[in-house]
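Student: Could you take me through a close look at a single helix in this model, from its ends to its surroundings? I would like one connected account.

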Amino acid sequence: MQIDPRGPRFAAVLTSLVLAAVLITGNGYLLAAQTLVFALGAIGGPTRSPYGWLYRTFVRPRLGPPAELEDARPPRFAQSVGLAFALLGTVGYLLGPAWLGLTATALALAAAFLNAAFDYCLGCELYLLLPRKGTGERRESVA
């Protein structure tokens with residue numbers, strides 16, 4: 001499946017705002033909501049997440065067509081990585097220890113901010129480094 005690469009970057013902006021708010025407020029329930037957003041993106045792909053819906057519905061119609069499309073698998077994997085960090089952070093904030101919530105959220109924010117500000121998807125790059133099943137070869141970078 002091919003997607004508009006501007007969609008995941010838009011999602012990264014919203015994710016960065018939410019994660020920054022979590023760090024400022026220490027609100028584990030807000031992080032739990034972001035965890036759900038990551039879960040939907042990891043399971044259904046970036047176009048099935050709430051942020052993907054917002055992009056498709058309100059932003060994409062106001063833009064011209066993308067210069068090129070990209071494979072949806074790396075951003076989907078990145079959503080899975082975000083999900084793992086958000087789950088750890090939610091556990092830390094809601095059940096303790098608080099340092100786990102703070103650290104996991106800060107790491108997730110760093111990755112989201114890299115994508116939002118510099119169009120560098122850390123999870124996507126990690127996906128490209130993973131060996132292919134059965135061949136031992138690595139995927140080629142799309143950048």
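Tutor: Just after α2, Gly45 takes a positive phi of about 95 degrees. Helices here are DSSP runs of H or I with at least four residues, strands are runs of E with at least two, and both are numbered from the N terminus. Before we go on, please keep in mind that this is a predicted model, in which local features need pLDDT of at least 70 and side-chain atom pairs count only at pLDDT 80 or more, while totals for chains, interfaces and linings use all residues. Residues are numbered from 1 along each chain as its sequence is written, and side-chain values use heavy atoms, with hydrogens and water left out.

Now to the other end of the helix. At the start of α2, a side-chain oxygen of Asn27 comes to within 2.9 Å of the backbone nitrogen of Tyr29. Between these ends, α2 covers residues 28–44, and its 17 residues should span 24 Å at 1.5 Å a residue; the end C-alpha atoms are 24 Å apart, so the two values agree. The expected span is 1.5 Å times one less than the number of residues.

Next, the surroundings. Buried means under 20% relative accessible area, exposed means over 50%, and partly exposed lies in between, with a 1.4 Å probe and protein chains only. The buried residues of α2 are Gly28, Leu31, Gln34, Thr35, Val37, Phe38, Ala39, Gly41 and Ala42. Among the elements that cover them are α1 (6–25), α3 (50–59), α4 (73–95) and α5 (98–118).

Contact means heavy atoms within 4.5 Å. Not counting residues up to four places away in sequence, Val22 touches Asn27, Leu30, Leu31, Tyr93 and Thr105.

Asp4 counts as buried because its relative accessibility is 11%. Its side chain makes a polar contact with the side chain of Arg6 (2.9 Å), and another polar contact, of 2.7 Å, joins the side chains of Asp4 and Tyr55. A polar contact is a pair of N or O atoms within 3.5 Å; within protein, one must be able to donate a hydrogen and the other to accept it, and residues adjacent in sequence count only if both atoms are side-chain atoms.
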